[in-house]
Amino acid sequence: MRAETEKLVDEIKQAISLLRRHFDWDQALKRLEYLNIRSEDATLWNDPQEAQKLMRERQSLEDGINSITSLSRSLEDNIGLIELGEEEGDADVVSEAETAIRSLAGETKARQIETMLSGEADSNDTYLEVHAGAGGTESQDWANMLLRMYTRWAERRRFKVEVLEVHDGEEAGIKSATILIKGHNAYGWLKTESGVHRLVRISPYDSNARRHTSFSSIWVYPVIDDNIQIDVSESDVRIDTYRSSGAGGQHVNTTDSAVRITHIATGIAVACQAGRSQHQNRAKAWEMLRSRLYEEELKKREAAASATEASKTEIGWGHQIRSYVLQPYQLVKDLRTGMESTSPSDVLDGDLDEFMEASLSHRIEGGAGQPVADID
């Protein structure tokens, strides 16, 4: 077997092993056996809602087990074909099997992505907040660049983007913004983007053309389904109204239509100014608050919460998850996975999938490993 093919085979084996571990293989087999027996029980459909839930779980488990089993079997079959072809000197058989293994590598990667996006709320729409760090115009401009980056990423995937709230900077950029991104697996893709993002560049606002470092933070949390109940009463929150800022809308800067709700116990605050009335903004802000509280609960249940914890702390040195260097060289580096790109312009234009896939894989693997050095 050629070295290139051997390497590919090893990568596929490692990926299948990771899928089995993430799937909790032995427990999944036992659970499927139980569900198969339960599905044959005549009394199951006495409770149609519970029966449908059970049958969906059974189908999901069966699909996952069959998919991983099929990948393993196909890999072993093609390894056997290569060995047989080499023994008999049949180059056509070897070539055909190598082509099948390359195709299998693509299938395995697709299956890994499906597994990475199988969390409780991963399929949901998502809210994304941007907050500028200290540094005035520099950080506010950087926050605006990040807002554009994630908007462009969403547009590339044909997701719908709604701007819910924007606080403009005094001279340029934004102090903060909240957008709603609607699309299948929107939260699943974006959930590891929460954290501090660092920019290094020659400042367009510095007449001496000096290099500046700026920080802004991203916060991502899912839109919750109607089936998810989050109990919070008005006595638990503080509600403030204020005049909307920014361009557009007949009510902007004329009425106190914007609404901010602060959850007293946790300090979580959300704001909305996109609606034409205070009533609309209040309703949307309540939805956002419930989503934030739900996201907090999800994070507590997940072992990998490092990015979230970073975004709760100071927006500055020591907390960043990704650095974007535009001068004196061109490089974007993720400080959790080591993933790099030498084309910051593409990344800032929304080319983020490789970074997201790497950080999702990192989370599945438990987030362990050596710390990644930052870039100057």
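Helices here are DSSP runs of at least four residues, numbered from the N terminus, and in this predicted model I began with helix H4, where I found glutamine 112.

**Entry 1, glutamine 112.** I looked up how far glutamine 112 is covered, and its relative accessibility of 19% makes it buried, because the cut-off for that class is under 20%. Setting aside neighbours within four places in sequence, I noted that glutamine 112 touches Ala15, Leu18 and Leu19.

I then turned to the packing of helix H3 (residues 48-88) on helix H4 (residues 91-116), where the axes lie 9 Å apart and the angle is about 160 degrees. An angle over 145 degrees counts as roughly antiparallel, so H3 is roughly antiparallel to H4. The crossing of H3 past H4 is left-handed. On the H3 side I listed contact residues including Gly64, Ile68, Leu71 and Leu75, and on the H4 side residues including Val94, Ala97, Ile101 and Leu104. Sorted by class, this contact of H3 with H4 holds 11 nonpolar, 6 polar and 4 charged residues.

In the loop between helix H5 (137-156) and strand S2 (160-168) I came to arginine 158, whose phi is positive, near 60 degrees, although the residue is not glycine. Arginine 158 is exposed, at a relative accessible area of 79%. I also checked asparagine 185, in the loop between strand S3 (174-182) and helix H6 (186-190), and its phi is positive too, near 70 degrees, but asparagine 185 counts as buried at 13% relative accessibility.

Definitions and conventions: Residues are numbered from 1 along each chain as its sequence is written. This is a predicted model: local features need pLDDT of at least 70, side-chain atom pairs count only at pLDDT 80 or more; totals for chains, interfaces and linings use all residues. Side-chain values use heavy atoms; hydrogens and water are left out. Axes are lines fitted to C-alpha atoms, for helices over the stretch in contact, and angles run from 0 to 180 degrees between N-to-C directions. Helices (H or I, at least four residues) and strands (E, at least two) are DSSP runs, numbered from the N terminus. Angles under 35 degrees count as roughly parallel, over 145 as roughly antiparallel, 65 to 115 as roughly perpendicular and the rest as oblique. A crossing is left-handed if the near helix is turned anticlockwise from the far one by less than a right angle, and right-handed if clockwise. Contact means heavy atoms within 4.5 Å. Ala, Val, Leu, Ile, Met, Phe, Trp, Tyr, Cys and Pro count as nonpolar, Asp, Glu, Lys and Arg as charged, and the others, Gly among them, as polar. Buried means under 20% relative accessible area, exposed over 50%, partly exposed in between (1.4 Å probe, protein chains only).
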